[in-house]
Amino acid sequence: MAYINENFIKIPPTYLFSEIAKRVEQHKAENPSAKIIRMGIGDVTLPLPDASVDAMIKAAEEQRHVETFRGYGPEQGYEFLRQAIVENDFRARGIKLDVDEVFVSDGAKSDTGNIGDIFGVDNRVAITDPSYPVYVDTNAMAGRAGEPNEFNEWDKLTYLPCNENNNFVPQLPTEKVDMIYLCYPNNPTGTTLSKQQLRTWVEYAKANRSIILFDAAYEAFITEENVPHSIYEIEGAKEVAIEFRSFSKTAGFTGTRCGYTVVPKELVGYTHQGEAVALNKLWLRRQSTKFNGTSYIVQRGAEATFTPEGRKQVKQLIEYYLENARIIREGVSKVGLKVFGGVNAPYVWVKAPENMGSWEYFDYLLKQKNIVTTPGAGFGRSGEGYIRFSAFGSRENTMEAMERIKR
Ligand SMILES: *Cc1c(COP(=O)(O)O)cnc(C)c1O
């Protein structure tokens, strides 16, 4: 008899997006002529930068000839891409990394999910609330989360509420935690931490020998000065933090798939006997055992985002979405709602009016305005009473949606 990992049956079904789809379908059935605008998506809509497409066509063509054909590549990624990452994403910001501290992958979802493999099941895990669901669910699968209650909160996770009362800045936990997930700029709230605020967490992690899992998937959207692009801008962070990056939101690679993870060589975890072990070695072992590398073609496409042309094209994509975010912020503020995020992120987090719940306001916008958003409650209990607008739609739809909200 084959036993299952029973942690899987404790995890509630992914209710959020299926419930949204169900409500949208029902609304469409009742109002066949309704022109629905979707602002709930967390996916990009603009095509890939030309520089990346050209590089991938060239790389595909290489596969036709025996002299240039590539089979299995290095599991950690090709040197050309890792070198470009080290130079452009880090050295240009004054951060020195070695190529073997960078692990290229098929995206940040896999990495933020898989990283748990190298950590013990008895670690206490802290997660900001609301959050990207991957952090919670993968810890639940590993048996690190304990049992869920009626609000789908897990008894062994430490939730760090982020809301208006603390200006979306998570407070240090009162109990000792070992692993801390931080995502900045944040999905879903679109808010950021200043260097000083992030430094508080680096100092906490140092004092407690904890590890910070820093998800910087939205780094490219940062427009303000004092917002760190990388956690390694904070002194000492290389001793306590793993950083996740992705080409998905930056360069439109959501379907093409490429991301990377930085595991500095200074970073250590401990055995129960108190022996320090380098996490870089463990992650290398994990990746080379369970992962066979991102496709060569895709890595060439990612590399091309760092060329002068590529950079210019990526910048245009980001500016397009940020302008949408500005339009949303302005439109929603004008009708008197409280608005957060959207300045350094493609998400605008809106407080529902008149103490409405997330789903209540979601239904109102769907039925009265034909606008689909994402209810904040779907990202955790602290998201209740908020909704998320995505800036990843077209300019035309974004403007039309704001017109409808004003009416
Ligand atoms: C979109 C997103 C990612 C990136 O996922 P990929 O697998 O690289 O496409 C990672 N973290 C957060 C918070 C995200 O919203």
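Select Asp 215 first, where a polar side-chain atom lies 2.7 Å from a nitrogen atom of the ligand, a polar contact in the sense of a pair of N or O atoms within 3.5 Å (within protein, one must be able to donate a hydrogen and the other to accept it, and residues adjacent in sequence count only if both atoms are side-chain atoms). This is a predicted model, in which local features need pLDDT of at least 70 and side-chain atom pairs count only at pLDDT 80 or more, while totals for chains, interfaces and linings use all residues. Residues are numbered from 1 along each chain as its sequence is written, and side-chain values use heavy atoms, with hydrogens and water left out.

Then show Arg 257, where an N or O atom of the side chain is 2.7 Å from an oxygen atom of the ligand. To complete the view, display the 14 residues around the ligand, of which Asp 215, Tyr 218, Ser 246, Ser 248 and Lys 249 come nearest; a residue is included if one of its heavy atoms lies within 4 Å of the ligand.

Next, colour the chain by domain, with domain 1 as 14–47 + 309–406 and domain 2 as 57–306, bounds that come from an automatic or database domain assignment. The centres of the two domains, taken over C-alpha atoms, are separated by 26 Å. Across the boundary, 29 residues of domain 1 are in contact with 36 residues of domain 2, contact meaning heavy atoms within 4.5 Å. The area buried between domain 1 and domain 2 is about 2,700 Å², with carbon and sulfur atoms giving 59% of it; buried area is the accessible area (1.4 Å probe) that two parts lose on being put together, summed over both. Select Asn 344, Phe 379 and Arg 381, which supply 25% of the area that domain 1 buries against domain 2, more than any other three residues.

For the polar side of this interface, look for 14 residue pairs in polar contact between domain 1 and domain 2, both residues being at pLDDT 80 or more. The elements giving two or more residues to the side of domain 1 that touches domain 2 are helix H11 (308–334), strand E11 (339–341), strand E12 (347–351) and strand E15 (386–390), where helices (H or I, at least four residues) and strands (E, at least two) are DSSP runs numbered from the N terminus. H11 contributes the largest share of that side, seven residues.

There are also three salt bridges between domain 1 and domain 2, each a side-chain nitrogen of Lys or Arg within 4 Å of a carboxyl oxygen of Asp or Glu. Select Glu 164 and Lys 338, whose side chains meet in a salt bridge (2.9 Å, N to O). Now move to Asp 98 and Lys 265, another salt-bridged pair, at 3.0 Å from N to O. Asp 98 lies in the loop between helix H4 (79–90) and strand E2 (102–105) and Lys 265 in the loop between strand E8 (259–262) and strand E9 (268–270), so the pair ties together parts that are 167 residues apart in sequence.

Finish with the backbone. Most residues other than glycine have a negative phi, and most peptide bonds are trans. Tyr 184 and Pro 185, however, are joined by a cis peptide bond with omega of about -5°, and Pro 185 is found in the loop between strand E5 (179–183) and helix H7 (195–208). A cis peptide bond also joins Asn 187 and Pro 188, with omega of about 15°; Pro 188 likewise lies in the loop between E5 and H7. Last, select Asn 167, which has a positive phi of about 55° although it is not a glycine, in the loop between strand E4 (157–161) and E5.
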